[in-house]
Amino acid sequence: MSREELIEQAAQSIVEANKDLAVEIANKAIAEGIDPVDMINNGYSEGMARCGDRFDRGEMFLPELIVASDAMVAAISVLEEAMPAENRAEKLGTVVLGTIEGDVHDIGKGIVATMLRVYGFEVHDLGRDVPISSFVAKAKEVNADIVGSSALMTTTQVGQKALEEALKNACLRDKVKTMVGGAVVTQRWADKIGSDLYAENASEAVIKLKELFS
Amino acid sequence: MLKKYLTRMGDGERVEMTADEIRRDFELGTNDAADRGKIAPLTQDDLDRLLEIFTNPNKVVSVEPGNEVPLTHDIGTLRLMGDQGNSGVGIPLSRVQGIQVHERAFACDTMELGHIDYSFKPVKPVIAMEQQELENALLSTIVPLFYGAMPNLGLYYSPDGPFGNPSDLLPMGKIQEAREAQEGAVEHATRDMIYIAEKLAAVGADGINFDTTGAAGDTDMKATLHAVEYLKANTNLAVEVGMAGEFVLGMHGGLEYDGVRIAGLYPHQQVKLVEKAGADIFGPVVNTNTSKSMAWNLARAVTFIKACTEVANIPIHVNMGMGVGGSPVFETPPVDSVTRASKAMVEIAKVDGL
Amino acid sequence: MPIAHGMAAGMGGIRTAGDLVARMQMTRKMRIREAKAYVAEKLKVSPTDLSNEHVMREVREELDIGIITSVPGCAKGIEAKARIAELLGIEIASVKRLKNKVNF
């Protein structure tokens, strides 16, 4: 089987959320001597990108996305075994995520967490109704690269500004990038409070964070 | 130098664009909707009409006399009495006074009574109070009165409800458990919504408004459709179903109504299930993207809604609140953009109400 | 914001015939043209007049179905709705309930 065919099959196995097939193709690629990094970047990651796009369009659903990401993780771990240790993919970054205290809306934030995990970020999802102090404590504990907060309501949006201040007071602001999202949050708000990054949805969060860490 | 027109971004920021730039964004917006919804883009005539609306030099625009449509309201009287969370202005009024103000000072076509939490579940233990308030309002007002609330299935998951939270279960790979939790929530929510609506019907409510249906995904919509079906068969309530987003989020992914998978449906498909359940009015939603211009957003929203009104057999009252229907995501939405969105929805998308 | 929408595209509630057209949408699932035509016929006015304050003020006063300003003696609340139910040939639940209670 040619490289191109294997790459396409790898992508397709993720789109179909077929873990067994994804692993089988990874093993075939190793047997054929195809570069595992090539398989990950151009095959499995491309499949996940297609999943993200389909999810954005309402053509793929959250449980399927979870199964697809599971298939991708399984295939990558097979390929990593065949890679020299120094070439193994390292995590892209450590992310602490949560919905601001007083806000119980966490469906969108949960999707962001899932997508970021899929793309190789280590994600610590603090859930919803999270006190500012918990964001700060977790960021310290896991040596976070990114602190992301979500707010659906204008009443809790102000918590994102308080988080910026709290990170400064804890002398962490220079060590982490901050990311904000949620229904009422805009780029203008991010700029106003000094947040590093705003994402309209989960796919955009992944794209922007990948750019930041590439 | 090319003439520039004042318009807005999706977050409400004022920008200037040339007619060509506006038209280019119309085309990108309508094509995005057409591509996602697999529906027809706006016609050249529609785009020309939209350009006229955008380049009108007046701050406020309106429909032509004779083209007016009735307005139904969500959030009840909370916009007067509520706090910032409801975009409320914090005036200490009773809810009956709030309804009277809407009828006699704001000249609203219909009005709505709603609980402070605006979700169905918390209404159940205080239903007698809601009945009493509605009775008082019905005696002293003339316009049709809905009772409005959100299905909000999130309240049936931990820590607020008896079922495991899919947002916790799914990331752990517990897909079956997450689905079972959601199916349990559908059953409970349906029962609660029917119980509440029947009590309100008993004291003479004109209608019930299921607002932001689908906010917790396909489970929300399934529960709502089952409740609607029961209420239309067993009460004389008029039923309005308003949505939460342009497509139904697949939190479960496998739920069906009348043999149709609910997740992923766009407005022109949603309305068919809403009709099948027996609802009288449908309120589709198209979300605003804050990074895009109002030209992009409104052309896109009108495309989705036009496709919906074309196939509908019931009145379509498009949602036009903050951040939907081409209106900016801004708590005090600029009047120029709000009125342009109104006119476009009525005269191009041909909605039956707002 | 609802006021801006109301000014741009709304019918005008009980200043005009917005409540009546809305009732036909709610009770008979009528699309806008059909609802306006139905109400116009019942009121013996043109569909365009349904949102014309100058016409509708008089019509509402004559039919005693409630007007927006507070005029002593004019029908208010459920009294106006009782006439609206009869005029439009529809059932209004609160009116029906009152009638049942007082044995009409």
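## A walk through the predicted model

Thr212(B) sits in strand β5 of chain B. This is a predicted model, and Thr212(B) makes a handy way in, with a phi near 55°, a positive value in a residue other than glycine.

Strand β5(B) belongs to an open sheet of 5 strands in chain B, ordered β3-β4-β5-β6-β9 and paired in parallel. The edges are β3 (111-119) and β9 (281-283) of chain B, each of which pairs on one side only. On average, neighbouring strands here are turned by 20° against each other, direction ignored. Helix α8(B) packs on this sheet, touching β5 (207-213) and β6 of chain B, and its direction makes about 170° with that of β5(B).

Now for the helices. Two packed helices are described by the angle between their axes and the distance between the axes. For helix α7 (residues 175-202) and helix α8 (residues 218-234) of chain B, the angle is about 40° and the axes are 8 Å apart. The crossing of α7(B) past α8(B) is right-handed. On the α7(B) side the contact includes Val186(B), Ala189(B), Met193(B) and Ile194(B), while α8(B) brings residues including Ala223(B), Ala227(B), Tyr230(B) and Leu231(B). By type, the residues of this contact split into 9 nonpolar, 5 polar and 3 charged.

Also in helix α7 of chain B is Ala185(B). Its relative accessible area is 0%, so it is buried. Leaving out residues up to four places away in sequence, Ala185(B) touches Leu153(B), Tyr156(B), Tyr157(B) and Phe163(B). From Ala185(B) to Val239(B) it's 54 residues in sequence and 22 Å in space, C-alpha to C-alpha.

Some backbone details are worth a look too. Most residues other than glycine have a negative phi, and most peptide bonds are trans. The bond from Ser158(B) to Pro159(B) is cis, with omega near 5°; Pro159(B) is in the loop between β4 (145-150) and α6 (166-169) of chain B. Over in chain A, Asn143(A) has a positive phi, near 55°, and lies in the loop between α6 (132-142) and β3 (146-150) of that chain.

Staying in chain A, how many residues of strand β1 (residues 93-99) are buried? The count is 7 of the 7, so the strand is largely enclosed by the rest of the structure. Both faces are covered, with Gly93(A), Val95(A), Leu97(A) and Thr99(A) on one side and Thr94(A), Val96(A) and Gly98(A) on the other. Strand β1(A) runs parallel to β2 (residues 121-125) of chain A, with 5 bridges joining them, and Leu97(A) has Asp125(A) as its bridge partner there.

Here are a few accessibility values side by side:

| Residue | Relative accessibility | Class |
|---|---|---|
| Cys171(A) | 56% | exposed |
| Asn143(A) | 59% | exposed |
| Cys74(C) | 16% | buried |

As for cysteines, the disulfide count over all chains is 0.

Finally, the assembly. There are 2 pairs of chains in contact, and chains B and C share the most contacts. Chains A and C don't touch, their nearest C-alpha atoms being 16 Å apart.

Note on methods. Residues numbered from 1 in each chain as written. Chains lettered and ligands numbered in written order. Predicted model: local features only at pLDDT ≥ 70, side-chain atom pairs only at ≥ 80, totals over all residues. Heavy atoms only, no water. Contact = heavy atoms within 4.5 Å. Axes fitted to C-alpha atoms, helices over the stretch in contact; angles between N-to-C directions. Helix = DSSP H or I, 4+ residues; strand = E, 2+ residues; numbered from the N terminus. Left-handed = near helix turned anticlockwise from the far one by under 90°. Nonpolar A, V, L, I, M, F, W, Y, C, P; charged D, E, K, R; others polar. Disulfide = S-S within 2.5 Å. Buried < 20%, exposed > 50% of the residue type's maximum accessible area, 1.4 Å probe, protein only. Pairing = 2+ DSSP bridges.
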